[in-house]
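Keep the model open alongside the text.

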Amino acid sequence: MTDIGVRAVRQEVRRGADRIGAATPPGRDRAVDALRVAAVLGVVLGHWLVTALVSDGPTLRTASPLRHMPWLAPISWMFQTLAVFFLVGGHVATRGYASARARGSSYHQWLTGRLTRLFKPGAAVLGLWTVAALALLLSGAEFGTVRKLVKLALAPLWFLLVFAGLAAATPLLTRLNPLWPLAVVLHVDLLRFGLGGPSWLGWVNVAAAWAVPYTLGAAWTRGELERRRAGWVLLGAGAAATAMLVAWAGYPASMVGVPGENMSNLYPPSLAVVTFGLAQCGLALLLRERLRHALRRPVAWAAVALVNLSAMTVFLWHQTALTATTATGLLAGRLPGLHTPPDGLGWVGARLLWLPVFALALAVCWAAFRSFERNGGGRGRARVVRSHRPSDRGTAAKARHV
């Protein structure tokens, strides 16, 4: 491309960024969008880096490099960002509910709109994989392999169920102190690990664990987390508690599930993943001002805004991109980093080379199914132009919906 062509592209990018900036309300808290995007992309990259589908003849089995190389556990610290997503989700939901009440909308109307935006994109994923699974089975594919592919691709749907449950309980969670769900997680872990209670008790934590950052988001809406001291307390206390749980209480160092391990911090959520989430939330709160400053630049804000428009689509389809690439890659044989055991640095290097391919497959899914998210709310307005402002004690209750 010539210098003239490069300059033309840059000018077009700047003009597009300026248009997005002009469509954004001046009081919008751009840090909220940046944190949501960071949380989604963290989950996507984390799954692509630590999830392997190993080919054993005609079958595929799941594996993880963290099982063979446990010293890579810090990777899971970087990309296990669900707590930040629930923090932002709680903040947005409580502000949205307050705004709906101020407009005179009923709880039913508010919840219906919110659940529609969640479940319409999810229905597309479920529908496609129902058809795909039937087609694979009818073509003679092994049931175990199809089951693993479908289970992996549909795994993001668990998020929808938990998030929908918390959204439905928003009126009750609006003023709930985060220490209450944290206490539930603590007592559940004491029962199942300390007192030999039944393992099924751990599934109580699926709701309680993610209610902790969700209710922190509500506290953010109430203006209780605006001081930097709150962020430092969460970061320091969460990091210290996590370190003690891993070092002295036997919790795994990995903050994601590792196939074959006896104990998982994520399936179901453990006290360690909750305290780790508190540290992440503290860091997110501390970064708000820097993010707001950085996103004053039109191009940076345009990038965040565009990803934010399709955040749910990216989240729901990223595992489909991984499984589709892996399954179709078998036509070319057993490929390094895609079908080989993740048991060394050679696999890590090869997997990094596959990331652009996964991204391309995800782009195809995004192009095909983004309309399910864009039209999910039924209002016809993109979320990028709905205003939410930095909360404070005097104006939090008047916040407009995201």
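Helices are DSSP runs of H or I with at least four residues, numbered from the N terminus. The model is a predicted one.

**The largest pocket**

Under that naming, α7 gives the most to the lining of the largest pocket, with four residues. The pocket holds about 890 Å³ of space. Its lining counts 31 residues, and the closest to the centre are Lys-151, Gly-257, Val-258, Pro-259 and Tyr-267. Five elements each supply at least two lining residues: α2, β2 (59–63), α7 (143–154), α10 (179–194) and α11 (205–221). By class, 18 of the lining residues are nonpolar, eight are polar and five are charged.

**The largest cavity**

How many cavities of 30 Å³ or more does the count give? The count comes to one. The volume of the largest cavity is about 170 Å³. Lining this cavity are 16 residues, with Val-43, His-47, Phe-79, Gln-80 and Val-256 the closest to its centre. Both α2 and α4 (73–79) supply at least two residues each to that lining. Which helix gives the most to the lining of the largest cavity? That helix is α2, with four residues. The cavity lining has 11 nonpolar residues, five polar ones and no charged ones.

The two spaces are set out below.

For α2 (residues 30–50) and α15 (residues 298–309), the axes come within 9 Å and cross at roughly 60°. That angle makes α2 oblique to α15. The crossing of α2 past α15 is left-handed.

Which residues make the contact? From α2 come Arg-30, Asp-33, Ala-34, Arg-36 and Val-37. From α15 come Trp-301, Val-304, Val-307 and Asn-308. By class, this contact has five nonpolar residues, one polar and three charged.

Key
Residues numbered from 1 in each chain as written. Predicted model: local features only at pLDDT ≥ 70, side-chain atom pairs only at ≥ 80, totals over all residues. Heavy atoms only, no water. Axes fitted to C-alpha atoms, helices over the stretch in contact; angles between N-to-C directions. Parallel < 35°, antiparallel > 145°, perpendicular 65-115°, else oblique. Left-handed = near helix turned anticlockwise from the far one by under 90°. Contact = heavy atoms within 4.5 Å. Nonpolar A, V, L, I, M, F, W, Y, C, P; charged D, E, K, R; others polar. 1 Å grid on protein atoms, 1.4 Å probe; cavity = no way out; pocket = protein on both sides within 12 Å on 5 of 7 lines; lining within 4 Å. Points joined across faces, edges and corners; volume = space filled by probe spheres on them.
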